[in-house]
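Student: I would like to learn how to read several features of a model, one after another, with the general idea before each case. Could we take the structure shown here?

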Amino acid sequence: MTPKRDYARLFDLTGRKAIVTGGSRGIGRALAEALAAQGADVAIVVRSSLALAEALAATLNAGGGDSFAVQADVSKPDDVARVAAEVERRWGRADILVNNAGIIHPGPAEDFPLDLWRDTMAVNVEGVLLMSQAIGAMMIRQKAGSIVNVGSMSGRIVNWPFRHAAYNVSKAAVHMLTKCLATEWAEHGVRVNAIAPGYILTELTEEVLRENPEVVKNHWAAGAVQNRIGTVDELAGAVVYLASDAASFTTGEIHTVDGGLTLR
């Protein structure tokens with residue numbers, strides 16, 4: 001008789017050490033909670049909401065564990081180096097990195113301020129590179145690791161009628177950076193993938209929903225073949241999969257989770 005395969009273990013992250021940037025609220029919080037639910041300890045990296053991150057870490061540790069919060073700006077090399085040093089000191093290794101931190105500055109392209117363009121690229125692109133370099137160095141040394149970048153469907157399409165060219169360009173860059181790092185680091189046993197979320201209900205989109213419900217109904221929801229926007233929980237499974245051994249033969253992929261919006 002053929003032995004029964006233990007497929008559940010493929011998604012087990014027990015003992016893994018994970019870092020999630022922008023992890024105190026919205027998508028980042030859900031991803032941190034999902035990784036912890038599968039057994040990982042999580043370093044929650046935030047730029048400003050340290051109290052929220054510390055409260056989340058305490059919640060994740062309630063049943064045991066070693067999650068913690070650290071305040072850092074991912075666009076600043078010194079801050080990123082400090083995060084990596086703390087991870088190294090505390091855990092001695094890094095198994096999972098989720099590059100979730102990001103910003104958006106809306107505005108028409110014809111007069112979009114250069115300083116806002118550069119700020120967008122600094123956080124959304126350079127932040128991903130810096131964190132990947134710092135944490136990836138540990139993964140390369142240990143010959144194992146999984147990096148999951150949070151891109152966007154906006155890296156694939158111009159989601160009209162919204163005007164945020166800087167954001168779109170930054171997320172397209174994240175997608176290409178994902179493929180480049182996956183190609184270069186495969187020889188070291190490091191996998192690099194990305195998710196490309198569609199419109200997801202978060203604190204930010206809830207505010208838009210309250211103030212401009214017609215935008216959500218007529219553009220965000222109506223654009224998807226499922227005729228709705230998504231939830232943060234619907235991204236969690238994709239990230240757990242990409243972070244886990246279940247995706248051991250998957251690298252360089254941009255996994256779209258958008259309710260079918262980019263199908264048409």
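Tutor: Let us begin with accessibility: a residue is called buried when its relative accessible area is under 20%, exposed when it is over 50%, and partly exposed in between, with a 1.4 Å probe and protein chains only. By that scale Arg93 is partly exposed, because its relative accessibility is 32%. Bear in mind that this is a predicted model, in which local features need pLDDT of at least 70 and side-chain atom pairs count only at pLDDT 80 or more, while totals for chains, interfaces and linings use all residues. Residues are numbered from 1 along each chain as its sequence is written, and side-chain values use heavy atoms, with hydrogens and water left out.

Student: Which residue forms a salt bridge with Arg93?

Tutor: Side chains of opposite charge can pair when their charged atoms come close. The rule here asks for a side-chain nitrogen of Lys or Arg within 4 Å of a carboxyl oxygen of Asp or Glu, and it gives a count of 11 salt bridges. The partner of Arg93 is Asp95, with 2.6 Å between the closest N and O atoms; Asp95 counts as buried because its relative accessible area is 10%.

Student: Why does the salt bridge of Arg16 and Asp245 tie together parts that are apart in sequence?

Tutor: In this pair the side chains meet at 2.9 Å, N to O. Arg16 belongs to the segment before strand S1 (17–21), whereas Asp245 sits in the loop between helix H8 (233–243) and strand S9 (254–257), so the bridge joins parts that are 229 residues apart in sequence. Helices (H or I, at least four residues) and strands (E, at least two) are DSSP runs, numbered from the N terminus. Salt bridges can also be linked into a network, as they are among Asp66, Glu86, Arg89 and Arg90.

Student: What volume does the largest pocket have, and which residues are the closest to its centre?

Tutor: On a 1 Å grid over the protein atoms alone, where a 1.4 Å probe fits, a pocket is an open set of points with protein on both sides within 12 Å along at least five of seven lines, and lining residues have an atom within 4 Å of a point. The largest pocket holds about 1,300 Å³ of space. Of its 45 lining residues, Gly102, Ile103, Ile104, Thr202 and Leu204 are the closest to the centre. Among the elements that give two or more residues to this lining are helix H1 (26–37), strand S2 (41–46) and helix H6 (203–211), and the largest share, four residues, comes from H6.

Student: Which backbone features deserve a look?

Tutor: The peptide bond from Trp160 to Pro161 is cis, with omega near 10°, and Pro161 lies in the loop between strand S5 (145–150) and H5. Asn227, although not a glycine, has a positive phi of about 60°; this residue is found in the loop between H7 and strand S8 (230–231), and Asn227 counts as exposed because its relative accessibility is 53%.

Conventions
Grid points are joined across faces, edges and corners, and a volume is the space filled by probe spheres set on the points.
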